[in-house]
Amino acid sequence: QAWFKEAEAAFGRAVQALERISPGEKEAFSADEYTTAYALVLGRQAWFKVRIGQIEQGQTSFRKAIALLPADAPPFLVLWQHLMFGYTQFIAGNVQEAEQHWQQSLRLARAHDDQWGMTYSLSMLGQLACAQGDLHKAQQVLHEALAHGVEVVDQIIQFEKVDDRVHCNEC
């Protein structure tokens, strides 16, 4: 728990630093770069707020972070915000809102062929179906999540094989 508190405080300092940047300093960045960075840091702080039990403050920060993300923000950043905010909503008992955010993260993952995003989004939706007592749906969704997870592992193995060959050639 102490580590989560330290992380929340560190991200809180980062949020404050971004909020103190003067208009002149912001000119070094495009508006979208600054806004994306701010939303990302705010979302990370929100996650740690949730982890230390500050659910309502985390929800508020996640809502703000998601609203701030520009339309052309990197999809994996938007996906992550929806995935984590969905989790926050789920533990707060807001099941419908949790499902909406997990469905949004799944749509983004599928649109960008993001295997990791599909794995996690489907995993959360499967856990939701299980919690709602729909074991048949849970099994189907979790089976699909597992298939995407295997794809992620295969990609890692292929990367490691290429990395090993590169290192061996350097010997």
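What share of the contacts in the chain with a separation of 6 or more comes from residues 24 or more positions apart? In this predicted model, such residues account for 55% of those contacts. The chain contains 8 helices and 0 strands. Its pattern along the sequence is α-α-α-α-α-α-α-α. The C-alpha atoms fill a box of roughly 55 × 50 × 35 Å along the principal axes.

Of the 171 residues, 40% are buried. The accessible surface of the chain is about 10100 Å². Carbon and sulfur atoms contribute 56% of that surface. The chain carries 14 positive and 21 negative side chains. The centres of these two sets lie 7 Å apart.

A search of the whole structure returned 10 aromatic pairs. One of them joins tryptophan 3 and phenylalanine 4, with ring centres 5.5 Å apart. Their planes meet at 70 degrees, so the pair is edge-to-face. Tryptophan 3 is exposed, at a relative accessible area of 56%. Trp3 and Phe4 also belong to one aromatic cluster with Phe11 and Phe48.

Phenylalanine 90 and tryptophan 102 form another pair, with ring centres 5.7 Å apart. Their planes stand at 45 degrees, so this pair is tilted. The pair links distant parts of the chain. Phenylalanine 90 sits in helix α5 (residues 75-91) and tryptophan 102 in helix α6 (residues 95-111), 12 residues apart. Phenylalanine 90 is partly exposed, with a relative accessible area of 27%. Tryptophan 102 is buried, at 1% relative accessibility.

A charged side chain also meets a ring: arginine 44 lies over the face of tryptophan 80, 4.0 Å from the ring centre.

Conventions. Residues are numbered from 1 along each chain as its sequence is written. This is a predicted model: local features need pLDDT of at least 70, side-chain atom pairs count only at pLDDT 80 or more; totals for chains, interfaces and linings use all residues. Side-chain values use heavy atoms; hydrogens and water are left out. Rings of Phe, Tyr and Trp (its six-membered ring) pair if their centres lie within 6.5 Å; planes under 30 degrees apart count as stacked, over 60 as edge-to-face and the rest as tilted. Buried means under 20% relative accessible area, exposed over 50%, partly exposed in between (1.4 Å probe, protein chains only). Helices (H or I, at least four residues) and strands (E, at least two) are DSSP runs, numbered from the N terminus. A charge sits over a ring if NZ of Lys or CZ of Arg is within 6 Å of the ring centre and within 35 degrees of the ring normal. Contact means heavy atoms within 4.5 Å. Accessible areas come from the Shrake-Rupley method with a 1.4 Å probe; for residues, only the protein chains shown count as cover. Lys and Arg count as positive and Asp and Glu as negative; His and the chain ends are not counted. The place of a charge is taken as NZ of Lys, CZ of Arg, CG of Asp or CD of Glu.
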